[in-house]
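Let's take a walk through this protein together. Have the sequence and the 3D view ready, and we'll go piece by piece.

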Amino acid sequence: MIVAMAAGLCVLVGGTTTASAASLSDCGSGYACLYDYKGHSGSYAKFHSYISYLGNFNMDNKATSLYNNGNNCTASFYQLSSKRGYRLDLQKGYVIYNLANTRMTSSKTWNNRITSGYYCQ
Ligand SMILES: [Ca+2]
């Protein structure tokens with residue numbers, strides 16, 4: 001478990017090694033979670049405010065499934081660092097089982113293409 005403080009906002013990340021499979025229940029209340037594999041398994045990262053560069057947590061361009069277990073806002077995920085590039089919104093309480101089925105453009109999906117994530121944008 002890694003705890004990092006950035007700009008006064010707490011960013012929590014866990015399970016970034018191969019270890020045991022993650023699941024939806026690993027995404028605590030108030031967090032948005034990104035998982036390496038479809039169906040919310042594999043390595044994962046989670047945040048309750050934002051992560052401006054998932055590469056800091058070994059999850060850049062790896063997310064294949066998502067869960068917004070937040071309390072208030074839509075979670076927004078971005079193709080590039082610091083809210084740049086294409087944007088994917090996920091409403092509170094929603095999951096995406098497999099980003100390979102979610103289109104970014106006519107020729108690309110979101111699978112393995114998320115680099116930053118923010119709440120309440
Ligand atoms: Ca992946």
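## The sheet

In what order do the 4 strands of the open sheet come? The order is β4-β3-β6-β9, and the pairing is antiparallel. A quick word on terms: strands here are DSSP runs of E with at least two residues, numbered from the N terminus, and two strands pair if DSSP finds at least two bridges between them. At the edges stand β4 (41-47) and β9 (95-96), each with a single partner strand, so one side of each has no neighbour in the sheet.

Before going on, keep in mind that this is a predicted model, where local features need pLDDT of at least 70, side-chain atom pairs count only at pLDDT 80 or more, and totals for chains, interfaces and linings use all residues. Residues are numbered from 1 along each chain as its sequence is written.

## How the strands join up

Start with β3 (residues 31-37), which is joined to β4 by 5 antiparallel bridges. Tyrosine 37 has serine 41 in β4 as its bridge partner. Another 5 bridges, again antiparallel, link β3 to β6, and here leucine 34 is partnered with leucine 66.

Now hop along to β9: β6 pairs with β9 in the antiparallel sense over 2 bridges. Leucine 66 turns up here too, with isoleucine 96 in β9 as its bridge partner.

## Inside the fold

What about β6 (residues 65-69)? Since 5 of its 5 residues are buried, the strand is largely enclosed by the rest of the structure. (Buried means 20 or more other C-beta atoms within 10 Å of a residue's own, with C-beta atoms placed from the backbone.) Both faces are covered, with Ser65, Tyr67 and Asn69 on one side and Leu66 and Asn68 on the other.

The largest nonpolar core has 28 residues, and Cys33, Leu34 and Leu66 are among those with the most contacts inside it. Such a core is a set of buried Ala, Val, Leu, Ile, Met, Phe, Trp, Tyr and Cys residues joined through C-beta atoms within 7 Å. Its largest share, 5 residues, comes from β3. Setting aside residues up to four places away in sequence, cysteine 33 touches Cys27, Tyr44, Lys46, Leu66, Tyr67 and Asn69; a contact means C-beta atoms, placed from the backbone, within 7 Å.

The mean pLDDT (the predictor's confidence in each residue, from 0 to 100) is 87 for the protein chain, and 83% of residues reach 70 or more. Over residues 1-20, though, the pLDDT is below 50.

Notes. Buried ≥ 20, exposed ≤ 12 C-beta atoms within 10 Å, placed from the backbone. Contact = placed C-beta atoms within 7 Å.
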